[in-house]
Amino acid sequence: SDLHAVAMARTTTFWISLFAACYLAVLPMADTIALRNVALFALLLCLAWRFRKISPSFQWPLPLVLWGIYLLVFPFIADSSATALESMLSQWGRGVLAMLAGTGVAAIFYSKNKGAAFYLGLLSAVPILVHLSLFIWKAWMISAIPWGYWGRETHHADLGYAAGQAVILLAAAIVAGHKALRPLAVMLMVACLLSTALAHSRAGFAFCVLGGVLVFIAAYVGGAAHRRLNFLAGALGVVFLGVVVLVMAAQNDTRWRNMTSQLIAGFKGDALQIQCEGTASIKSEIIAEYGPGNQARDVLASVRDGDGSRMVLLRAGLTLALEHPWGSDGSRQAYQKLLRQQCPNPVIAMAHTHNGWLDTLLALGWVGATLYSWVLLYFLKQGWAYLRREHSLNEWSLVLVALSTFWILRGFTDSVFRDHMLEMQGFVLAYAAMALRMQVRSEVPSGSPEAAS
């Protein structure tokens, strides 16, 4: 019976690793909703079987408990309880399930040895490798560089999310992982930068660079003094690599060169009026500033559907958030629904505000947005506390600091607190927090206060 139990445990562990790898690899990919859902629920079932007689050494911290409670209570105070309940099950609740899955997987696969961050980074980079393969094939077929080609993805943003997460995991592996894996990690980081640049994903590219820099800065602040010069060189190396790729990309994507004037134009006029009636109210002001030629026409177009529109959406969304402090119904369409209360048929009808924090405010209210920000800050604090306390480098402490900061900042530039992005955040951050905790427990004597905490 003992041999049978060991065999069953090994079989279950195998399936857990398979479903976890599949889940993480396809999360950012378009048109994989059914596959990722099957992988997640199969993973949770396997984890439930694995821990049916024992439980992982984990206590849910207060921010996560309050976040979960609020999600359960919110349908009772939402504008539409039915819609809110559907959103809890199909969106917000999936993020919590992803945290459970990440925690359980880390409880099994955490190791005293280094290197795991590289493999999570490799899995996160699968969509990037698929994109580059298709990009090369497309270039060969048309005998030209297909700038802006997304491969199988339906939007370049999904490439950016995958690349940013992968870069952070790979940078952590470079700093605190096995030296033998560093060349592969560097090559994968270059692939992530190239993918986002070739796909014309400006925010994706910029946050890839930022993610790598965040890891090296965290290592510089929290690492040993004699290695700080190496970490500073690493951060500068990421920036240099980013500049090289940026120069190449900017020559083929004019949006890099026209951003300033278009962003400034987005601060003109009344934001809600522009959404409801179009750009007629600011047309004369734009023409007076830029002349009656093509530049004014391009700026007005950007206010309708470009960089300028992001600033208009920012201001309109903030106005609506102040008017509706308890949010709407938790749905992805919260901004559209609240805007249509101002005007039934808006001329400019964007799907969301392109700002994750504003969209969360409009969906779940100020309490919901505050609680989720507390969750991300909790993960950041866990990683930072280890760096400051131990003065030694750990892959997962670096991942917690850099990835939490990445998503907090990314939320100000795009609507990332929804759908599969919530699951990406939940799974990897929970995995990192649990892996760090288990490693810390294994490093201290069993009778010490640290081991008991």
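**Exercise 1. Place Asp419 in the fold: how exposed is Asp419, and which residues is Asp419 in contact with?**

*Solution.* Start with accessibility: Asp419 has a relative accessible area of 22% and is therefore partly exposed (buried means under 20% relative accessible area, exposed over 50%, partly exposed in between, with a 1.4 Å probe and protein chains only). Keep in mind that this is a predicted model, in which local features need pLDDT of at least 70 and side-chain atom pairs count only at pLDDT 80 or more, while totals for chains, interfaces and linings use all residues. Residues are numbered from 1 along each chain as its sequence is written, and side-chain values use heavy atoms, with hydrogens and water left out.

Next, locate the residue: Asp419 lies in helix H19 (residues 419-443). Helices (H or I, at least four residues) and strands (E, at least two) are DSSP runs, numbered from the N terminus.

Now look for partners. Setting aside neighbours within four places in sequence, Asp419 is in contact with Gln91 and Arg332, where contact means heavy atoms within 4.5 Å. Gly95 is 324 residues away from Asp419 in sequence, yet their C-alpha atoms are 8.2 Å apart.

**Exercise 2. Describe the chain as a whole: how many helices and strands are there?**

*Solution.* Count the elements: the protein chain has 20 helices and zero strands. Then turn to burial: of its 453 residues, 52% are buried. Finally, take the contacts between residues at least 6 apart in sequence; 76% of them join residues at least 24 apart.

**Exercise 3. Find the residues with the most contacts inside the largest nonpolar core.**

*Solution.* A nonpolar core is a set of buried Ala, Val, Leu, Ile, Met, Phe, Trp, Tyr and Cys residues joined through side-chain atoms within 4.5 Å. The largest one has 140 residues, and Leu364, Phe379, Trp396, Leu398, Trp407 and Phe427 have the most contacts inside it. Helix H7 (residues 156-176) gives the largest share of this core, 16 residues.

Zoom in on Trp396: beyond four places in sequence, its contacts include Ala116, Leu120, Leu169, Tyr431 and Gln439.

**Exercise 4. Check the span of helix H3 (residues 62-73) and find its buried residues.**

*Solution.* The expected span is 1.5 Å times one less than the number of residues. For the twelve residues of H3 that should be 16 Å, and the end C-alpha atoms are 16 Å apart, which agrees.

The buried residues of H3 are Pro63, Leu64, Trp67, Tyr70 and Leu71. Seen down the axis, they fall within an arc of 125°, so they line one face of the helix; the arc is that of the directions from the helix axis to the C-beta atoms. Exposed Leu62 and Leu72 sit on the face turned away from the buried side.

**Exercise 5. Where is His200, and is His200 buried or exposed?**

*Solution.* First, the place: His200 is in the loop between helix H8 (182-198) and helix H9 (202-222). Second, accessibility: His200 counts as buried because its relative accessibility is 16%. Third, the backbone: phi of His200 is near 60°, a positive value in a residue other than glycine. Most residues other than glycine have a negative phi.

For comparison, look at His354, in the loop between H16 and helix H17 (356-390). His354 has a positive phi of about 60°, and its relative accessible area of 22% makes it partly exposed.
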